[in-house]
Amino acid sequence: MSQSLLTMTETAVRLALAMVGLALFLTFVRLVRGPTLPDRVVALDLMGVLAVGMIAAYAVATNQPVLLDPATVLALVGFLGTVAFAGYLERRGRDE
Amino acid sequence: MSEQVSAALLLIGAFFMLLAGLGVLRLPDLFMRLQAATKASTLGVGCMLLAAAVHFQGLAVTTRTTLVIAFFCVTAPVGAHMIARAAYAAGVPLWEGTIVDELRERRRASRDPAPGRTADSPPPVEDREPA
């Protein structure tokens, strides 16, 4: 890279992406480890939310507001997934 | 000016997301993890989307980000409640240091009323809340 200094936005975006990436990794550890199925559902739900934040940061980084549309869709789908998992958990708990 | 605000909001949001990830990994039982995941991540994603809105400064982007933030504020508690309810009904264990479990007392009270009741168990629901 030729330029020596990053602008303030670039620095903030890089830091933010690193932090969200670390959060994603921690959540993924819980997803793999999670002793019960609800733990994994919570981790998966959080990963969806973290992905929305990551997309927002990436939209700022690349100066592309179009990228916020996938974030919207991801938020919607993530909620549907959570509701579906919760319904499944409820049914499974009653059958046992 | 807007550049500083956007950068600060990005960093604050990312910090709260990191807190959410840390809480989900480190807290001792499902319900604590759930509250960390729900509240911290809602605040984090709200801050980051606000940062995007401040950065782009257009009506279209602001509308979209506001919609997503409002959507998260509405759906995150609903989803968390559904998961917690299902997990509690399925018998996910609470942390061994838990002191109060009002839901269990309530359920026990409503399931087997007067005859099996001991002196220290709480009164049934009907006694506490007159209709």
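How many helices and how many strands does the secondary structure of chain B come to? The secondary structure of chain B comes to five helices and zero strands, where helices (H or I, at least four residues) and strands (E, at least two) are DSSP runs, numbered from the N terminus. This is a predicted model, in which local features need pLDDT of at least 70 and side-chain atom pairs count only at pLDDT 80 or more, while totals for chains, interfaces and linings use all residues. Residues are numbered from 1 along each chain as its sequence is written, and chains are lettered from A and ligands numbered from 1 in the order in which they are written.

**Confidence**

- The model scores ipTM 0.86 and pTM 0.83.
- Chain B averages a pLDDT of 84, and 84% of its residues score at least 70; pLDDT is the predictor's confidence in each residue, from 0 to 100.
- Within chain B, confidence is highest in helix α1 (residues 2-26), at a mean of 93, and lowest in helix α5 (residues 125-128), at 47.
- Over residues 125-131 of chain B the pLDDT stays under 50, and the model has four contacts beyond four places in sequence for these residues; two residues are in contact if their C-beta atoms, placed from the backbone, lie within 7 Å.

**Chain B as a whole**

- Read along the sequence, chain B follows the pattern α-α-α-α-α.
- Of the 131 residues in chain B, 38% are buried; a residue is buried if 20 or more other C-beta atoms lie within 10 Å of its own, exposed if 12 or fewer, and partly exposed in between, with C-beta atoms placed from the backbone.
- Among the contacts in chain B with a separation of 6 or more, 57% join residues 24 or more positions apart.

**Where the two chains meet**

- In the interface, 44 residues of chain A are in contact with 45 residues of chain B.
- On the side of chain A that touches chain B, α1 (8-33), α2 (37-62) and α3 (68-95) of chain A each supply at least two residues.
- By class, that side of chain A has 32 nonpolar, seven polar and five charged residues, where Ala, Val, Leu, Ile, Met, Phe, Trp, Tyr, Cys and Pro count as nonpolar, Asp, Glu, Lys and Arg as charged, and the others, Gly among them, as polar.
- B:Gly21 lies in helix α1 of chain B and is buried, with 31 other C-beta atoms within 10 Å.
- Leaving aside its neighbours within four places in sequence, B:Gly21 is in contact with A:Leu22, A:Ala23, A:Leu24, A:Leu26 and A:Thr27.

**The largest nonpolar core**

- The largest nonpolar core has 65 residues, of which A:Val20, A:Ala56, B:Leu10, B:Met48, B:Ala51 and B:Ala52 touch the most other members; a nonpolar core is a set of buried Ala, Val, Leu, Ile, Met, Phe, Trp, Tyr and Cys residues joined through C-beta atoms within 7 Å.
- Two or more residues of this core come from each of α1, α2 and α3 of chain A, and likewise from each of α1, α2 (30-56) and α3 (59-89) of chain B.
- The largest share of this core, 17 residues, comes from α2(B).
- A:Ala56, leaving aside its neighbours within four places in sequence, is in contact with A:Leu68, A:Ala71, B:Met48, B:Leu49, B:Ala51 and B:Ala52.

- The 26 residues of α1(A) should span 38 Å at 1.5 Å a residue, and its end C-alpha atoms are 38 Å apart, which agrees; the expected span of a helix is 1.5 Å times one less than its number of residues.
- The buried residues of α1(A) include A:Ala12, A:Val20 and A:Arg30, and what covers the buried residues of this helix includes α2 of chain A together with α1 of chain B.
- α3(B) has 31 residues and reaches 45 Å from its first C-alpha to its last, close to the 45 Å expected.
- α3(B) bends by about 30 degrees at B:Thr75, and a proline, B:Pro77, follows within four residues; the bend at a residue is the angle between axes fitted to the seven residues ending there and the seven starting there.

**Residues with a positive phi**

- Most residues other than glycine have a negative phi.
- A:Asn63, in the loop between α2 and α3 of chain A, has a positive phi near 60 degrees, and A:Asn63 counts as exposed, with 10 C-beta neighbours inside 10 Å.
- B:Gln57, in the loop between α2 and α3 of chain B, has a positive phi of about 55 degrees although it is not a glycine.
- B:Gly91, which follows α3(B), has a positive phi near 85 degrees.
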